[in-house]
Amino acid sequence: MNILIFGCGSIGTHHAHAARSLNFKVFITDINSIQMEYMKNKLYPSRYGKWDKKITLLKYEHVFLTKKKFDLVIIGTSPIFHIKVLKKIIKHINYKRILVEKPLSVFNQNLSFLKNKKNIYCGFNHSISPSILKLFELVNKKKIGRIKYVRIDWKEDFQLVLKAHPWIKYLKNTYLSDINKGGGVLHEYSHAIHLGVCLKNIIFSKKTIKLSHKITLKKINKSSYDNKSKIRFENKDQIIDMNIDSLANPPRKEVIIYGEKGKIKWKRDMKKLEEKIFTLIENKKFIKKFKVTRPFDFINQLRFLLKNKKNKYSKITSISSAIEVMRIIKNSLKLKHV
């Protein structure tokens, strides 16, 4: 399979390695030629031991002229450029599928052109991990009866995120510190909102729900970003809370679901390289552990998108679910569409 990747930063590097791990042909480009060289000479070798000579670097100005057909095109640029690059791909590149990294866009960008578009997906790779799929299965089968309350915590210090980008020293020098560029926790940690949307679609009997939010903004120079946010879905006596912040060190990523017959808890612990599901059903305890690594997140994502016959990936991370996530982010930030 031929894979084309836009973006030679941290995400693009992860995707390139994942695609090569599956023995795909990888082509990668970046509008910044210096970043391309940095990835080849420093970033990729520092993560994976040495540069993979089977990865082909393409000059950005040549990419949209190629006649090659790609099984998958991945957009791993900064969020502010996702939509611009996506439109150019749709117009100029011969592709089967497109994967846009999360967040799909910036909150104030127009997504109307995506209506009825097919074979476009968004990179919520945590939502398709084996442990989360098990969590969805338990909820679907009503193992703990009718769900009453769900709490999703997605908390990680932005300074830990910067460690994955060693060429950047300060938060103020990144898009993370500016909501108008796709920064802030609602954009960066939109995994939490996507998990909330998935669980809402399973748990709530009605599509009409009450959405509430509490946002804390922090200013850096002339820009601002939400460093702590809380989103709530409410449907009669059922509630889903999403607590998201950029302050926690060590990170805390967990989901707790309370039902009439017991509870289910999911937790991601990267120090132990595992995700764990704990269930308490009618006083019976059960624990299941899943080994994970950061490279596995991306390898598993590509497997689902390109090799999964049951097409679970399409259902969970379709473009429609990504658009719903962006709608929630936009409404939560209480800012007008531009």
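In which sense do strand E5 and E7 pair, and over how many bridges? The first legend below gives the answer; the model shown in every view is predicted.

**View 1. Strand E7 and its neighbours E5 and E8.**
Strand E5 (residues 72-75) pairs with E7 in the parallel sense, over three bridges. One of the residues involved is Val73, whose bridge partner in E7 is Ile98. E7 is also joined to strand E8 (residues 120-123), by four bridges, and these two strands run parallel. Here Glu101 has Gly123 of E8 as its bridge partner. In a regular strand, side chains alternate between the two faces of the sheet. Along E7 (residues 98-101), Ile98 and Val100 point one way, while Leu99 and Glu101 point the other way. These four residues are all buried.

Helix H1 covers residues 10-21, a run of 12 residues. From its first C-alpha to its last it reaches 17 Å, close to the expected 16 Å at 1.5 Å a residue. Because 10 of its 12 residues are buried, H1 is largely enclosed by the rest of the structure. Among the buried residues are the histidines His14, His15 and His17, along with Ser10, Gly12 and Arg20. Just after H1, Asn23 takes a positive phi of about 65 degrees.

**View 2. The open sheet of eight strands.**
The strands of this open sheet follow the order E10-E11-E12-E9-E13-E14-E15-E16, and their pairing is mixed. Its edge strands are E10 (210-220) and E16 (284-291), each of which pairs on one side only. From one strand to the next, the twist averages 10 degrees. Strands of a sheet pair through backbone hydrogen bonds, either parallel or antiparallel. E10 and strand E11 (residues 223-235) run antiparallel and are joined by 11 bridges. Lys219 stands opposite Ser224 of E11.

**View 3. The second largest pocket.**
This pocket holds about 680 Å³ of space. Its lining has 23 residues, and those nearest the centre of the pocket are Phe136, Cys198, Ile202, Lys315 and Ile316. Helices H5 (130-140), H8 (191-203), H10 (312-316) and H11 (319-333) are the elements that give two or more residues to the lining. H5 gives the most, with six residues. Sorted by class, the lining of the second largest pocket has nine nonpolar, six polar and eight charged residues.

Methods. Residues are numbered from 1 along each chain as its sequence is written. This is a predicted model: local features need pLDDT of at least 70, side-chain atom pairs count only at pLDDT 80 or more; totals for chains, interfaces and linings use all residues. Side-chain values use heavy atoms; hydrogens and water are left out. The expected span of a helix is 1.5 Å times one less than its number of residues. Buried means under 20% relative accessible area, exposed over 50%, partly exposed in between (1.4 Å probe, protein chains only). Two strands pair if DSSP finds at least two bridges between them. On a 1 Å grid over the protein atoms alone, a cavity is a set of points where a 1.4 Å probe fits but cannot get out, and a pocket is an open set with protein on both sides within 12 Å along at least five of seven lines; lining residues have an atom within 4 Å of a point. Grid points are joined across faces, edges and corners, and a volume is the space filled by probe spheres set on the points. Ala, Val, Leu, Ile, Met, Phe, Trp, Tyr, Cys and Pro count as nonpolar, Asp, Glu, Lys and Arg as charged, and the others, Gly among them, as polar. Axes are lines fitted to C-alpha atoms, for helices over the stretch in contact, and angles run from 0 to 180 degrees between N-to-C directions.
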